[in-house]
Amino acid sequence: MSDRYSPYPPDEPVIGATHPSAPPLPRYPAEPGAIGGLATYVDDPEGGWDDEYSDGYEDEYADGYEGYEPYYQDTPARQPMFYVFIGLAALVGGIVIFLLFSLVSGRGGGDTPVGGAVKFNVAIQSPVKDKRIEIGKPEDIIVEASSTEPIVRFDLYIEDKLADTANISETSTDNKYRANLKASFERKGEYSLFVKVTSASGATKQSDKLRVIAIEPVGALPATINGKVVATVNLRTGPGENFEQVGTLTEGKIVKIIGRTTNNEWLLVDMDGGRWVRASAIDPQDSLALVPIRQVTPTPQPATNTPLPAPSASPSPTASPTQPASGPDFAPTGAVAIEGGSKLRVTVINRAATGYTGAVVIAVSGVGPGTLTQAFNMVLPASGSAVADFELNPPLTVGRTAVVKVDPDNAVKETNEDNNSATFTIAPTVEAPNLTIAKVDTTGNIVVTITNVGGPLAASNVTVKVTVGGNGSEQTKNLELAKGQSADFTVSKPGTGPGKVEVILGGQVVKSQEITVP
């Protein structure tokens, strides 16, 4: 059959079909005299080709070709949409698979509660933030946690690296789990640590990160540094306002610092065998990290002369349960508000003849909402004592009755478990004012700015005196300054050259500073 009667127009491509090349158009010789003398051919000038082919195609296929116009248009449009549909289907399928996988696994992130049903509470009780720890010396990391299901493991991480693990085999009856992990540091510097707990179902929770500072060991012998007294301060028998005052240090004196408290708030100076002063009154000439931490030894109590009862011939009473002969004996002996009522300092004594070093949990009620419970790493020699500071938020502003209990869960076996609790009346301390020289301007008249960085200053006469050589000039004002408030004094220049500015309160110099007057 001839292609002439094909159902498709002759110029329409058909998949799988072959099409003969179009017949060559007839060519006719050009007029004589063509350029270059070459024979050339052109279309029939008389329209012979058009007459034979053009009209025939027009008449025979004009209507049929119109009928196939949809085929010519739809084919290119359907093919791209097909591939777009396939791509969208693949994308939706991938999302569905990912969601199913996530639902089955039920885990993700650093804290992985299974199904979102497990709730945790995790806190590092000891050490305190920014504690200085000697390199190479193991440090107890005491952590407490609770959960809506049993906790089975504690993991300690230092700089995001696993350092120690404690497995828990028993379920706590009060839903409080505690662990004592060990940390050790090989190099000086700051370290970030946290504890991760794992529950029975595999859910986990991390504590807040805690920063500690590793320092060089201070050596076997106590290190000492010098310090300059920058304000007149009282000497006391112990690190606290509740200890007896036994003298005074005057401004400008150089002292030798031989010890400090764990929070660096009190310093032990080499006077009369060792006296304690507030650290804010001493300007250390070197790092306090070189000075060892000293624990307070209580004042020995005078021995009583009560005679022992004579042996009785009567049968002995039934013996009470035997207590460990070598255990400690904890007892709270004091509780006092310090730093304007923002802290509560508790003193604990070890009445036993055996020393104790390790974690001690202390619970305090009556000084704020709820019960304050915290673990402290303590060194309690035989008949020795140590202090523990609780942060009070909000600060204590009125008198309270505090109930202090040491080792409330009886985690430490003691020789006597009956003296672990005591009641104390707490009164907020009144912080003394502390005037400092904030700025001295000598461009014209001498302008001295003083600031009160201590407790409130009641209306008092304050004098600022400037001395240059043997000459002096001063100004006195009656001031009432709250904590953080400042006042300016203007003093005429008594001369030029090296001089001194002094702040006088109640007839005593409370602050001084060397200056040069131009």
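Trainee: How many salt bridges does a search of the whole structure find?

Mentor: The search turns up 16, a salt bridge being a side-chain nitrogen of Lys or Arg within 4 Å of a carboxyl oxygen of Asp or Glu. This is a predicted model, where local features need pLDDT of at least 70, side-chain atom pairs count only at pLDDT 80 or more, and totals for chains, interfaces and linings use all residues. Residues are numbered from 1 along each chain as its sequence is written, and side-chain values use heavy atoms, leaving out hydrogens and water.

Trainee: Which side chain meets Asp389 in a salt bridge?

Mentor: That's Arg345, at 2.7 Å, N to O. Asp389 lies in strand E23 (residues 385-391) and Arg345 in strand E20 (residues 343-350), so the pair ties together parts 44 residues apart in sequence. Strands here are DSSP runs of at least two residues, numbered from the N terminus.

Trainee: Are Asp389 and Arg345 buried or exposed?

Mentor: Both are buried, meaning under 20% relative accessible area, with exposed over 50% and partly exposed in between (1.4 Å probe, protein chains only).

Trainee: OK, new topic. Why is strand E11 largely enclosed by the rest of the structure?

Mentor: Because five of its six residues, in the run 210-215, are buried.

Trainee: And which way does E4 run against E11?

Mentor: Parallel, with three bridges joining E4 (residues 132-134) to E11; pairing takes at least two DSSP bridges between the strands. E9 (residues 189-199) pairs with E11 in the antiparallel sense, over five bridges.

Notes: Helix = DSSP H or I, 4+ residues; strand = E, 2+ residues; numbered from the N terminus.
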